[in-house]
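User: Hi! Could you walk me through this one?
Analyst: Happy to, here it is.
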Amino acid sequence: MIGLMTSRERWRAALRMQPVDRLPFWPKIFDKSYTQAQAVPYPEMTIPELYAYIGCDPHVPLPACTREVRTKTSVESVTTGKVRVTTYHAPSGVLEAIDQFDGDSGSWHPVIFPVKTRGDIGVMTEIFEDCRLDLDSEKLEANRKTVASIGEGGSTWSGIGRSPLMNWLEFVAGIEGGQYLLADYPQEVETLFAAMHAVLLRSAEILTEHSPVDALYMIEDTSTTYVSPKQYDRYCKPQITEYGETVRSAGRPMMLHMCGHLMGLLPALADMPADGFEAFTSPPVGNTTLLDGRTACPDKTLVGGTNATLWLLPADRIIEQIEADLDALPHHRGVVISSAGVMPPACRPETIKQVSDWVHAYPARL
């Protein structure tokens, strides 16, 4: 019989595939964009207050305690209203990226990518080759204070970054432009990837040694809707393997945030040095169930198991689907039920609380 655990103990056990007193439940709500979409009294609540009302196991993101040091280049961002312009200055040229803020989701989205031509690839390569990461003592102290304030009421994590291919497609060149440039100029793009990789490896080293969080993440957003299994094997798996070996050699867990279609990648993911996958998304938004993940990757923690469209249904329908997916599993070690992606604002707090209460009472087989 397992005694009552704190939220932090529950998370730490789940990330290591160990038995827990009950299944952890984490509705992903990161900012006020969710509470502002709700009726009174929720807009006045802080996120910790909302989590307390729901009765769940928070998994709180903290900024990486690193800082960039440059000698020949610079990266400057200026925000005006809902538009953010980032300018990259290098000896061989200047690049510009434009992001726009979406109030409904509380997030920034790229509308103009900095790399558009063959020449731009070289400029961005200079930007990354000139980037040296150091420990940021002020961020480290702030993280320590936040971890102490959360205490046993939840767990914490920080992101190492995105692997080169994912960063390239999401933020540097865009999916369409990035794929064309990679096909047309593979040597130039791979040189850029090597520079990106060196920065990420240093990030993994610093965070592994110094960060006080419970887990480190690669924020991958991976999906075979825009990355092929062949590309993943060449440009993601070897690089992530190095980050994972760095983190896990110190006895710390490393998770991969992967929120897209993963079925075609499960064989490759099975033997990677990662402790599990977060935002593991079920159909129709993703294409993998918890059983798919557990069958292909028996030693990986799975955080997710639902999808955004499911959370638009009444509580009893959501519970029915989660119960069916849990019942199909051989056991429930290394399972954290979450909204996978960020919780849709159209899902009411009362609905989330009903599901949370049910998950707490579910007779997990450990």
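Analyst: One term to begin with: contact means heavy atoms within 4.5 Å. This is a predicted model, where local features need pLDDT of at least 70, side-chain atom pairs count only at pLDDT 80 or more, and totals for chains, interfaces and linings use all residues. Residues are numbered from 1 along each chain as its sequence is written, and side-chain values use heavy atoms, without hydrogens and water.

User: Thanks! What do the buried residues of α13 pack against?
Analyst: They pack against α12 (290-296), β14 (335-338) and α14 (349-361). Helices (H or I, at least four residues) and strands (E, at least two) are DSSP runs, numbered from the N terminus.

User: And which residues of α13 are buried?
Analyst: Ala 315, Ile 318, Ile 319, Ile 322, Asp 325 and Leu 326. Buried means under 20% relative accessible area, with exposed over 50% and partly exposed in between (1.4 Å probe, protein chains only).

User: Where do they sit around the axis?
Analyst: On the same side of α13, because they cover an arc of only 130 degrees. That arc is taken from the directions from the helix axis to the C-beta atoms.

User: Switching to strands: how do β4 and β5 pair?
Analyst: Strands β4 (residues 74-80) and β5 (residues 83-90) are antiparallel, with seven bridges. Pairing requires at least two DSSP bridges between two strands.

User: What's in the turn of that hairpin?
Analyst: Two residues lie between β4 and β5, and Gly 81 in the turn has a positive phi of about 65 degrees.

User: Which residues are bridge partners of Val 85?
Analyst: Val 78 is one partner, and Ile 98 in β6 is another. β5 and β6 (residues 93-102) run antiparallel, joined by eight bridges.
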